[in-house]
Amino acid sequence: MSGHDSKYFSTTKKGEIPELKEELNSQHRDKRKDAVKKVIAAMTVGKDVSSLFTDVVNCMQTENLELKKLVYLYLINYAKSQPDLAILAVNTFVKDSQDPNPLIRALAVRTMGCIRVDKITEYLCDPLQRCLKDDDPYVRKTAAVCVAKLYDINAELVEDRGFLESLKDLISDNNPMVVANAVAALAEIQEHSSRPIFEITSHTLSKLLTALNECTE
């Protein structure tokens, strides 16, 4: 949040939750955005605003990237304590993972990877598989990191759905940032696995050297 957003951290009044609830359901987008900022500010200073979960989730369906980021931040924070309600957000996540804007596609898959709720993990697989093959390198590199997060939550699922093979395929990607993230994800997965996941062969090494040649310092 920028400096002028400090007003959202002002002392809360009695009856704040009902007021926020009303603002979150306003017909005016700016009013809803301000309300979400107030909710995030309250959450940041340790106030319990979990009762507004459904109202905040309803604000997800917006083209505004800033508002979407704030709602996703709220979701990451409260999904574990409200797993049944978090499921309400799944359809929007899946829809966002196919948005024309690559920033929104990447944001959706990254957030789903950060929500450590088994029920949501099941729904993450298809969007993640799409994003690993996305046309945009920013989306692919974000998806690569997400595979490592998913492995930490459910290793069996990652192996069964072929995500390790998809990560290894990304080592041949024409974008060095994607290659770097794929290698980092595989290395992280290897740390948590007792069997060999990522072995550097002469074939792999050749691909890594090609990518390295394209990298900045």
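1. Ile104, contacts. Setting aside residues up to four places away in sequence, Ile104 touches Glu63, Leu65, Lys68, Asp96 and Asp99. The model is a predicted one, and the points below should be read with that in mind.

2. Ile104, position and burial. The residue belongs to helix α7, which covers residues 102-114. Ile104 has a relative accessible area of 2% and is therefore buried. One of the residues it touches is Leu65. In sequence Ile104 and Leu65 are 39 residues apart, while their C-alpha atoms are 7.1 Å apart in space.

3. Helices α1 and α2, geometry. Two packed helices are described by the angle between their axes and by the distance between those axes. Here helix α1 (residues 16-24) packs with helix α2 (residues 29-44) at an angle of about 145°. The two axes are 8 Å apart, and the crossing of α1 and α2 is left-handed.

4. Helices α1 and α2, residues in contact. On the α1 side the contact is made by Leu20, Glu23 and Leu24. On the α2 side it is made by Lys31, Arg32, Ala35, Val36, Lys38 and Val39. Sorted by class, the contact has five nonpolar residues, four charged residues and no polar ones.

5. Lys33. This lysine is also found in helix α2. Is Lys33 buried or exposed? Its relative accessible area is 19%, and because buried means under 20%, Lys33 counts as buried. Apart from neighbours within four places in sequence, Lys33 is in contact with Asn64, Glu66 and Leu67.

6. How many disulfides does a search of the whole structure find? The search finds zero. Cys114 is in no disulfide, and the nearest cysteine sulfur to it is that of Cys146, 7.4 Å away.

7. Cys114 and Cys146, accessibility. Cys114 has a relative accessibility of 27% and so counts as partly exposed. Cys146 has a relative accessible area of 2% and is buried.

Definitions and conventions. Residues numbered from 1 in each chain as written. Predicted model: local features only at pLDDT ≥ 70, side-chain atom pairs only at ≥ 80, totals over all residues. Heavy atoms only, no water. Axes fitted to C-alpha atoms, helices over the stretch in contact; angles between N-to-C directions. Helix = DSSP H or I, 4+ residues; strand = E, 2+ residues; numbered from the N terminus. Left-handed = near helix turned anticlockwise from the far one by under 90°. Contact = heavy atoms within 4.5 Å. Nonpolar A, V, L, I, M, F, W, Y, C, P; charged D, E, K, R; others polar. Disulfide = S-S within 2.5 Å. Buried < 20%, exposed > 50% of the residue type's maximum accessible area, 1.4 Å probe, protein only.
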